[in-house]
Amino acid sequence: MPSINSSYTNLQTYNPSQTTKTSSNLNTSAFSAALNSVSEADSKYTVSTKYGFKADENGFLDPLFNELAGIPSNVKINVKTVDMTVNYAKNEKMNLDPISAMSKAWSFFSTLNSGTNLGNGKLSVSQLASMPESASSSNGTIFGILFLNKIM
């Protein structure tokens, strides 16, 4: 299986024969539209990353990354966050590409915060109080199935 770097190094020259399972679940027209938006000359995402995606001058990834990872477009993902998640996956002996690792981490976070509106990016005291007292996962990592424990 080709690495994420070789699959996404040049997003403007999409070749369906090089697509890995990471993008197999994508709607083809949505993927093509995302690729077209990347090639716009006025894009603020001009810094290349080692993952093959573009970032802005502050290190925040192009929304295409979010789309491929199943993360809402209003969530800003910094390349350093991807670095930490990928390193964590390697330390846990998980064979995950950056998109899969971030997708699983987002799923874990979303489950942990289920029912909590993060619209403004801040949690109120009542939102914090409604969160689980503790959590554990099926394999002890953020990539496992999450079990929430709420003390009443």
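**Exercises on a helix pair and a loop residue**

Helices α4 and α5 are roughly perpendicular to each other (angles of 65 to 115 degrees count as such, under 35 as roughly parallel, over 145 as roughly antiparallel, the rest as oblique). The model is predicted, local features need pLDDT of at least 70, side-chain atom pairs count only at pLDDT 80 or more, and totals for chains, interfaces and linings use all residues. Residues are numbered from 1 along each chain as its sequence is written, and side-chain values use heavy atoms, leaving out hydrogens and water.

**Exercise 1.** Describe the packing of α4 and α5.

Solution. Step 1: α4 spans residues 79–91 and α5 residues 98–112; their axes are 9 Å apart at an angle of about 90 degrees. Step 2: α4 contributes Thr 81, Val 82, Thr 85 and Val 86 to the contact, and α5 contributes Pro 98, Ala 101, Met 102 and Ala 105 (contact means heavy atoms within 4.5 Å). 

**Exercise 2.** State whether Thr 85 is buried or exposed, and list what Thr 85 touches.

Solution. Step 1: Thr 85 is part of helix α4. Step 2: its relative accessibility is 10%, so Thr 85 counts as buried (under 20% relative accessible area; exposed is over 50%, partly exposed in between, with a 1.4 Å probe and protein chains only). Step 3: leaving aside residues up to four places away in sequence, Thr 85 touches Ala 101, Met 102, Ala 105 and Phe 143.

**Exercise 3.** Locate Met 131.

Solution. Step 1: the loop between α6 (125–130) and β3 (134–137) holds Met 131. Step 2: Met 131 has a relative accessible area of 16% and is buried. Step 3: Asn 113 is 18 residues from Met 131 in sequence, and their C-alpha atoms are 6.7 Å apart.

How values were computed
Axes are lines fitted to C-alpha atoms, for helices over the stretch in contact, and angles run from 0 to 180 degrees between N-to-C directions. Helices (H or I, at least four residues) and strands (E, at least two) are DSSP runs, numbered from the N terminus.
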